[in-house]
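I opened the complex today and kept notes as I went. The entries follow the order in which I looked things up.

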Amino acid sequence: MNHDDNAPVVALTRAARHFGPVKALDGVSLSVAPGDCLGLVGHNGAGKSTLVNLINGTFGPSAGEVTFPGGAEGVRSVFQELSLCPNLTVAENLRIAHPNLKGFGWRRAARAEIRESLDRVFPGHGIDPDAEVDSLSIAQRQMVEIAIGFAPRGGRARLVILDEPTSSLDAGIAEQLLSHVTGFCAAGGAVIFISHMLGEVFAVASRIVVLKDGRVVADRPADDFTRSGLVDAMGHVATEAVAQQAARSEPGAVVIHTPNGLEARQGEVVGLSGLAGHGQAAELARLYFSQTSDWRAGRAAQAVFVAGDRPRDGVLPLWSILRNISISVLPRDAKRGLVDRAAESRLAQEWKARIGIRTDDLDNPILSLSGGNQQKVLFARALASDAAVVVMDDPMRGVDVGTKQDVYAMIRAEAAKGRTFLWYSTETEEVCQCDRVFVFRNGAISAELTGAEITEERILEASFEMQEAS
Amino acid sequence: MSGFAKPWLWAWIAAGAAFAATLGLTAGRGAGELAYAAMSFGAFAAIVGMGQMLVITLGPGNVDLSIPACMTLAGTLALKVMGSDPGTAWLGLAVALATGLGVGLANFALIWLLRLPPIIATLAASLIYQSLAIWSNRGLRIKPPEGLADFATGRMLGVPNVAWVALLLALATWVMLERSVWGRWLLASGQNLRAARLAGVPVQAVRAATYVAVAVFAALAGYLLASFSGGAALNMGAEYLLMSIAVVVIGGSSIAGGNSNVPGVLGAALFMFLVVSMLNSYGAGAGVKSVLTGAIIIAIVIAASARRSRP
Amino acid sequence: MLSKYRILLPVVSLAVLLALTFWMQPRAMSYFGLNLLFNLAVPIALATIAQMLIIMVNDIDLSLGAFVSLVACVTATYLNDTPALGLLILVALVLGYAAMGAVIHVLDLPAIVVTLGMSFVWGGLALFILPTPGGAAPGWLRAVMTVKPPLMPMAVVAAIVIAAVTHLLVIRSGIGTVLRGVGGNARSIARAGWNVAQLKALAYGLAGLFGVLAGMALVGLTTSADANIALRYTLLSIAGVILGGGEFIGGKVSPVGAVIGALTLTLAASFLSFLRLSPDWQIGAQGAILILVLTARLLFSRRGAAA
């Protein structure tokens with residue numbers, strides 16, 4: 001028990017964080033006191049990760065302040081992406097997080113500490129402290145990270161931030177974690193619990209904070225929420241999206257069918273939805289790789305890919321805008337293996353006009369463009385080809401509203417000409433424009449919706465686990 | 001391309017400065033001889049350097065350490081086949097190029113089939129090529145056919161023939177990189193292999209072709225060097241391992257890949273020879289020459305990284 | 001579990017090679033024979049450890065051979081003639097290595113190019129000190145390298161000591177663990193509050209220290225030095241690390257494996273000479289052995305991944 005029991009562990013006062021023009025967090029006031037278990041929920045891009053990063057000090061606020069009345073020590077984060085050193089053992093990873101563990105016999109101490117912490121959180125875990133992290137399953141690695149978060153490490157944990165801690169744990173182990181969190185808070189610890197499993201949030205949280213568009217839209221004791229009320233609070237106001245679903249041609253033959261059950265017909269716009277990181281991107285990448293070759297590139301590609309993670313999957317950073325647009329169609333327009341530069345330049349000019357790339361000169365480096373305009377370049381790259389299948393991996397990140405409308409129209413027009421679109425999006429509004437939607441959860445398809453079934457409610461319902469955590 | 005610095009210019013300026021500094025000492029005497037020597041010796045460094053540049057363009061981790069062994073092997077095999085008989089120069093060239101093709105395919109097979117890191121694959125394979133060269137070279141000291149030797153040491157319009165060869169090759173490489181689809185594919189793969197693959201580039205084919213290209217370039221350099229110096233020697237390629245990497249870096253290509261620079265390699269190849277001549281004419285010992293060479297390489301890398309992080 | 005696979009392969013390859021050698025040349029199975037077989041292994045093992053420390057933090061050192069040559073030249077001249085000055089130079093060299101590591105990290109430079117440049121610098125300094133082969137090993141160093149311990153020859157004892165010490169340093173000690181963590185996930189190390197630049201400097205400094213020991217050991221064996229005496233150590237040491245089960249990225253290294261890898265490389269040369277293989281093919285056979293073992297490693301890692 002702390003001495004100043006009532007002082008909050010962390011308090012945010014009108015804290016904001018901007019990334020360029022994007023307001024990831026827009027004036028959030030929030031405090032977490034000892035004994036609190038705060039459930040933090042919100043849809044993709046609501047600002048959850050930004051909030052976590054402000055609290056754990058990855059970056060500071062653009063405005064407002066973040067204070068720790070009792071000092072910042074004892075504030076731990078368990079990250080969603082795994083942050084262990086895979087080449088070290090479980091006990092050695094504790095050593096990384098606990099620099100004061102020194103001297104002869106540190107290994108024994110580390111082993112004892114991590115074993116004790118694992119035993120406390122996950123009784124009967126069966127994890128050997130001397131096992132190399134590489135050799136553990138994803139679930140075991142997540143358990144180790146959580147155990148390191150709760151381990152004393154020379155002091156004691158006062159606030160533990162758990163970001164989707166159960167995403168790779170099975171139900172029984174998740175239940176162990178929930179009961180440990182409950183006990184930890186009852187003993188005066190504080191937890192921020194972020195999860196897409198609403199049942200879990202209700203099971204542990206004493207208070208629930210709902211984030212939407214970088215703001216807190218609800219902050220009430222958990223008992224004051226109902227499930228449907230919570231979903232409503234997270235969702236957008238219903239848009240007029242449904243109205244646009246006129247003028248669609250009849251879909252043709254099935255052109256795509258994956259072992260996972262994903263199916264698409266000629267001329268169809270197929271949406272992939274669900275919360276980020278539930279296997280949609282991996283499914284699309286697999287699909288694309290199976291349609292194209294490492295060794296040959298014919299004059300006309302079967303499929304093209306529009307990346308959403310631009311630095312990783314899309315942009316060729318050393319090149320000009322022009323070269324970034326033309327890379328996928330070079331073989332088609334080439335003469336005797338040489339690039340037809342006149343045709344290349346014509347094509348780029350045409351797409352610059354059609355999709356509205358804001359630049360004076362297509363020879364400018366691609367990185368001189370804003371994120372949204374870079375994204376347009378990637379669209380142009382794909383749409384300029386003749387490929388029958390266009391695979392889009394959340395391609396609208398950082399694109400402004402006007403452009404989005406233009407691109408939607410373009411996609412519709414191209415689909416009407418017989419192209420097939422597979423479109424993963426984290427924005428439900430976009431998915432609602434599709435002819436058919438597959439909702440993913442935990443790497444598998446949890447629902448297939450068509451026509452009038454495609455509504456925000458249905459998609460949210462299928463994205464979140466509604467059952468009680470058992 | 002506007003907005004881009006011209007990194008190749010620096011290599012040429014440095015080469016010019018070294019040239020001037022050397023002549024400054026002799027008050028301009030021997031300019032012709034110095035230029036001839038620089039272009040002759042620079043030609044070999046330029047040819048292997050361009051090959052190494054193509055591989056380094058493929059991105060981090062890609063480098064060919066078998067260049068010296070490939071040069072030696074191609075040189076010895078070619079000379080052995082020619083056996084000093086007149087009129088066999090083309091046959092020898094064909095043998096040398098075929099050797100390069102074989103070496104390149106073998107290297108890539110190790111990299112691709114056994115998933116070995118390129119450094120270790122080309123290193124291990126180079127030991128085998130070296131043995132092949134020793135075996136085929138045993139005790140024989142074969143002179144190149146007279147016509148070929150005359151060609152390799154001769155000059156045309158005042159420029160050494162080997163320099164013409166290097167220039168032609170540079171032109172071809174430049175056209176390949178800047179104008180052809182393959183060049184675009186290579187540059188794209190080096191910037192971001194995954195993004196290139198997702199843009200439809202057949203990345204494995206590009207990698208294979210590149211490893212073959214570097215070996216063929218090295219083989220050609222070996223053939224010319226053996227003809228130039230009156231016979232193949234087992235250690236004739238030794239100095240070209242570090243040299244090939246150094247001229248790529250000094251020439252302004254990025255070691256991180258995706259960016260290559262043909263004129264820069266040519267300038268750097270001249271510079272590497274001229275800086276040594278300059279230090280020679282100023283009476284510097286071998287030690288000082290080497291230290292300064294190293295210091296220059298590091299200074300250029302630091303300057304390049306400063307340029308990279310400025311925007 | 002994977003780390004145990006990692007050490008298995010080098011042990012098996014060394015055992016197989018050793019068995020083949022004894023089978024072909026039973027007389028090698030003696031105190032004197034072993035000494036002859038592994039005579040040159042000590043400096044190679046030390047150099048391999050140095051390379052391993054660099055590879056551990058995801059870099060590679062192309063200057064190691066030149067550095068070891070430079071140390072050999074310093075040892076055969078200054079350390080012999082004016083021990084205090086010689087020692088001072090060697091300490092400065094180690095600090096130079098540490099500084100190189102810090103600069104590479106802070107300026108985010110490609111290690112392969114910086115060390116390439118440094119290889120010219122070290123080589124030049126070596127030529128400067130010893131323009132022609134010569135110098136002499138300090139008497140005490142000569143005595144250490146030729147001592148005849150009971151039971152096992154010097155080379156074997158030294159290899160065991162090197163393996164044990166570096167195992168304690170890199171695998172068992174706390175700081176060694178953090179250093180391996182830098183290779184495994186530098187971001188998480190930084191997030192836990194460590195100064196990665198300092199850690200890299202430490203790794204490079206340790207590599208410099210082992211490079212110095214390698215050069216000294218080499219002079220102790222050869223009694224004189226020249227500026228090119230150890231140039232081949234660059235590639236030998238890289239091969240030794242990989243043979244020893246190390247990987248170029250991810251901080252997956254094994255000091256015991258690296259020492260065994262160095263012994264295997266040394267033994268391969270001796271083995272091939274016993275084989276009465278034509279000298280033409282000796283180098284090539286080394287390359288073939290290297291490829292063979294690495295292929296075996298591929299099978300092992302597939303097995304490990306499947307298990």
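**Entry 1: a sheet in chain A.** The model is predicted. With that in hand I traced an open sheet of six strands in chain A, in the order S13-S14-S15-S12-S16-S17. Its pairing is mixed. I then looked for the edges. S13 (303–306) and S17 (444–450) of chain A each have a single partner strand, so one side of each is left without a neighbour in the sheet. From one strand to the next the twist averages 20°.

I picked one pair to check by hand. S14 (389–393) and S15 (420–424) of chain A run parallel and are joined by five bridges. Met392(A) has Trp423(A) in S15(A) as its bridge partner.

Which helices pack on this sheet? I noted H8 (280–291) of chain A, which touches S12 (269–273), S13, S14, S15 and S16 (436–441) of chain A. The direction of H8(A) makes about 150° with that of S14(A). I also noted H13 (371–383) of chain A, which touches S13 and S14 of chain A. The direction of H13(A) makes about 175° with that of S13(A).

**Entry 2: another sheet in chain A.** I found six strands in an open sheet ordered S5-S6-S7-S3-S8-S9 (chain A), with mixed pairing. The edge strands are S5 (75–78) and S9 (215–221) of chain A, and each pairs on one side only. Here the twist averages 15° from one strand to the next.

I checked a pair again. S5(A) and S6 (159–163) of chain A run parallel, with four bridges between them. Val78(A) finds its bridge partner in Leu162(A) of S6(A).

Two helices went into the notebook. H5 (171–186) of chain A lies across S3 (37–41) and S7 (190–194) of chain A, at about 150° to S7(A). H7 (227–234) of chain A lies across S3, S8 (207–212) and S9 of chain A, at about 30° to S8(A).

**Entry 3: domains of chain A.** I looked up the domain assignment. It gives domain 1 as 10–234 and domain 2 as 240–463. I took the centres over C-alpha atoms, and 35 Å separate domain 1 from domain 2 of chain A.

**Entry 4: chain A against chain B.** How many residues of chain A are in contact with chain B? I counted 31, against 23 residues of chain B. On the side of chain A that touches chain B, the elements giving two or more residues are S13, H9 (310–314) and H11 (330–333) of chain A. H9(A) supplies the largest share, three residues. By class I have 18 nonpolar, seven polar and six charged residues on that side of chain A.

**Entry 5: chain B against chain C.** I moved to the next interface. Here 39 residues of chain B are in contact with 36 residues of chain C. On the side of chain B that touches chain C, H5 (118–137), H11 (240–250) and H13 (286–309) of chain B each supply at least two residues. Which element gives the most? H13(B) does, with 14 residues. That side of chain B divides into 28 nonpolar, eight polar and three charged residues.

**Entry 6: a helix pair in chain C.** I examined H6 (83–106) and H11 (196–222) of chain C. Their axes come within 7 Å and cross at roughly 145°. The crossing of H6(C) with H11(C) is right-handed. On H6(C) the contact includes Leu90(C), Leu93(C), Gly96(C), Gly101(C) and His105(C). On H11(C) it includes Lys200(C), Tyr204(C), Gly205(C), Gly208(C) and Val212(C). The residues of this contact are 17 nonpolar, five polar and one charged.

**Entry 7: confidence.** The predictor gives the complex an ipTM of 0.84 and a pTM of 0.82. Chain B averages a pLDDT of 85, and 95% of its residues score at least 70. Chain C averages 88, with 96% of its residues at 70 or more. Where pLDDT is low, the predicted coordinates should not be read in detail.

Note on methods
Residues are numbered from 1 along each chain as its sequence is written. Chains are lettered from A and ligands numbered from 1 in the order in which they are written. This is a predicted model: local features need pLDDT of at least 70, side-chain atom pairs count only at pLDDT 80 or more; totals for chains, interfaces and linings use all residues. Two residues are in contact if their C-beta atoms, placed from the backbone, lie within 7 Å. Ala, Val, Leu, Ile, Met, Phe, Trp, Tyr, Cys and Pro count as nonpolar, Asp, Glu, Lys and Arg as charged, and the others, Gly among them, as polar. pLDDT is the predictor's confidence in each residue, from 0 to 100. Two strands pair if DSSP finds at least two bridges between them. Axes are lines fitted to C-alpha atoms, for helices over the stretch in contact, and angles run from 0 to 180 degrees between N-to-C directions. Domain bounds come from an automatic or database domain assignment. A crossing is left-handed if the near helix is turned anticlockwise from the far one by less than a right angle, and right-handed if clockwise.
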